[in-house]
Amino acid sequence: MNKFSLLFASLLLLVCTINAQSEKNKKDKGKLSGSIESNAQYYNEKDDDIGFIAPYNRFRSNNYIKLDYTIKGVSVGVQYEAYEPDVILGYPENLKGNGITNYYAAYNSKKISATIGHFYEQFGSGLLLRSWEDRQLGINNAIFGTRLIFSPNDAMTFKAIYGKKRDAYSFGEGLIWGADADLNLSKLLKQDEQKKGTITTGFSYVGKHEDYDGVVANLPQTVHLLSVKAGYQKSNLVLNAEYAFRTNDCAINDLGKVINTNKFFNGNVLQLGATITGNNSAWNFTLRQVKNFGMYTDRKAKLNQLLLNYVPALTKQQHYSLANIYVYNPQVRFSFLPGNLLNSTGEIGGQFEWLKTFPKNSKLGGKYGMQLNVHFSYYAALAFDGTDVNTAKIYSFKPANTNFRDFNIEVKKSWNKNFKTYFTYINSLYNQKQVEGFGSDNVQSNILIAEGIVKLKKGHSIKADIQHLWVENDYRGNWAAATIEYGIAPMFNFFVTDMYNYGNDNKKAHYYNVGASITKGTARIMISYGRQREGLLCVGGVCRLVPASSGLSMSLNYSF
Amino acid sequence: MKLFFLFFSFFIASVSFSQESLTQLKLKDAKGNVVQIGEVIQSQKPVIISFWATWCAPCIQELEAIHEVYEDWQKETKVTLYAVCIDDARSQFKAMSIYKSKGWKYEVLYDANQDLKRALNVANVPNLVVYYNGKEIYKHSGYSPGSEDVLYKKIKEAIK
């Protein structure tokens, strides 16, 4: 670590020297940019209605300062994070404290990009490798090491990476390295893309290594991952296919413990996608099988810590509050019930989406137009026989019981220039027993949502929605919810929301929130008071379990 | 091996200082063509870089609202809007369905691992930045109905 800091410091010095020199020649002083984000919570002492008791530190805050300096294609940057006096509830606890968490120096030209220090990278869609930051989820698994990107022309890009992933203020044990090639064959062969369409292809390789001196004999310390992808696009048609494979690895249970077995397991993903667009309409199809492919760089890692790759849920991303109660967490790795009984090996399924715009002055569109969105998804567990991982027979491409199924329909209609409405209906089946390890395998819900937006004079607007959720086979029962927002563009926004879990006989609680936000340019301050529902908070198919809480929340964002 | 990598990139970094200065970030458009952001924002006509995602309702509301008046804006100010989609692999392919079915006339770009979003220090979507002659003239985050009118006023003021 010291070695790296030294190298980094010397590079900074070098950049400063170059900067000084260039100032003599031209008056290019470079550009300093950055951002500040602060999220704070002041918890109520207790809140019996939702079973909340304040934690040891009642005031907690997560803070981020990021600074980047760029001059003549060279950039350097740091990120400082402070979780003081403690981490907000629901975030990884090893973040508590403060320090410089990320730093890098990079050089970018038209053809070459080189980075040392922390960087974010994704090969293709991220099936083999993704490092990213998501502050809402408490994820920052930047790779600390070296990256080279070479793009000799518009048709080819090659990447190579080497390093370790960030874990709070330190790194994981696992070393990772990899290479990626992205090729546009039509451009390489100078084909007429208008006539013949565009053909693309790509190859990725990632290796990971972590020493092992435990009791399991012959445990693979190095694991290799490979993927190949192809795409075709012509006017209104897009086709994609990707296949990925990993070599044998040990089985690890949900607590990050290696299971003592003499058997090791490979994994694979096959993903097929098609998009067809027509006159004011579009169709999407995706099919995917995932077997044992959700990976960490370290064997002991769990939850969202040290994720190596990205295999998100391919379902609709919902934005209404009640639609986010039964969200699907994809089953992408082996999971075990207590006693190391094999519970899941992967999933297989797909989704379909249809979007249609009925234009203005058409029969269904009326004077101001109407839009329709229909979405369906279905995912089943992959089949296996036996629960002892030593003797279980594990299949590929063979569906077993249903994990998740949903059907969504959304209609947006503009009634006049200043008034529009959205109606949403969602029907879903959720196998809580399979996905969470407890509860019913048949949680069925129906949700109805109506939303209206009225634009008043001089930038004033009102947005309101009402929602209802009916559920069977979940003790938490039905929910009702409503939101009302008053906006004064572009600066002010006031909101009141409530979710009422009236169907829960143990805890009939209102989860209300009252708040306001002020935005000026890139500065934004938000203050709210209320209750947080216990549950999964998901962004892009990665979820974090949020505990119930109540109190005052503040957040501040600024960038320059 | 580790040291080799470090020194190799150090070497590249030190020999090639004397080149481009602006952001060299490259994004791909829907057809897989590479677009250099540094060149885009140098335009002598106003350019709006608007960050959006398929799951972000206010983003889509904002782009729909601008869509209604975009032709007029283009006629009057020659403005171009680059709708930069920050969706990851999960929903990226849905972006095309959305803008094609809605008939948007924007230039849509993909920021798959959010490199541009990070470079411009964008915290949340929706978020837009307006450039004119290579200079940033307006920035705004969040959307409430009517924000688009303020945006257009800023563009018109800038090009006067």
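**Entry: the model**

I am working with a predicted model. I kept that in mind for every value below.

**Entry: interface between chain A and chain B**

I began with contacts. I found 84 residues of chain A in contact with 62 residues of chain B. Next I looked up the area. The size of an interface is often given as the accessible area lost when the parts come together. Here chain A and chain B bury about 6,400 Å² between them. Carbon and sulfur atoms account for 55% of that area.

Then I turned to specific pairs. How many salt bridges are there between chain A and chain B? I counted 7. I noted one salt bridge in detail, between the side chains of A:Lys455 and B:Asp149. Its N to O distance is 3.8 Å, inside the 4 Å cut-off for a salt bridge.

Which element gives the largest share of the chain A side? I traced it to helix α1 of chain A, residues 2-25, with 5 residues.

I searched the whole structure for cavities of 30 Å³ or more and got 7.

On chain A, two or more residues each come from β20 (346-358), β21 (370-385), β22 (393-416) and β23 (419-430). On chain B, α3 (57-77) and α4 (92-102) also give two or more. By class, I logged 11 polar, 9 charged and 8 nonpolar lining residues.

**Entry: backbone features**

I looked up cis peptide bonds. One joins A:Glu84 and A:Pro85, with omega about -10 degrees. I placed A:Pro85 in the loop between β5 (74-83) and β6 (97-108) of chain A. Another cis bond runs from B:Val125 to B:Pro126, with omega near -5 degrees. B:Pro126 sits in the loop between α5 (115-119) and β6 (127-132) of chain B.

Last, I checked phi. A:Leu306 is not a glycine, yet its phi is positive, about 50 degrees. I located A:Leu306 in the loop between β17 (281-291) and β18 (335-337) of chain A.

Methods:
Residues are numbered from 1 along each chain as its sequence is written. Chains are lettered from A and ligands numbered from 1 in the order in which they are written. This is a predicted model: local features need pLDDT of at least 70, side-chain atom pairs count only at pLDDT 80 or more; totals for chains, interfaces and linings use all residues. Side-chain values use heavy atoms; hydrogens and water are left out. On a 1 Å grid over the protein atoms alone, a cavity is a set of points where a 1.4 Å probe fits but cannot get out, and a pocket is an open set with protein on both sides within 12 Å along at least five of seven lines; lining residues have an atom within 4 Å of a point. Grid points are joined across faces, edges and corners, and a volume is the space filled by probe spheres set on the points. Helices (H or I, at least four residues) and strands (E, at least two) are DSSP runs, numbered from the N terminus. Ala, Val, Leu, Ile, Met, Phe, Trp, Tyr, Cys and Pro count as nonpolar, Asp, Glu, Lys and Arg as charged, and the others, Gly among them, as polar. Contact means heavy atoms within 4.5 Å. Buried area is the accessible area (1.4 Å probe) that two parts lose on being put together, summed over both.
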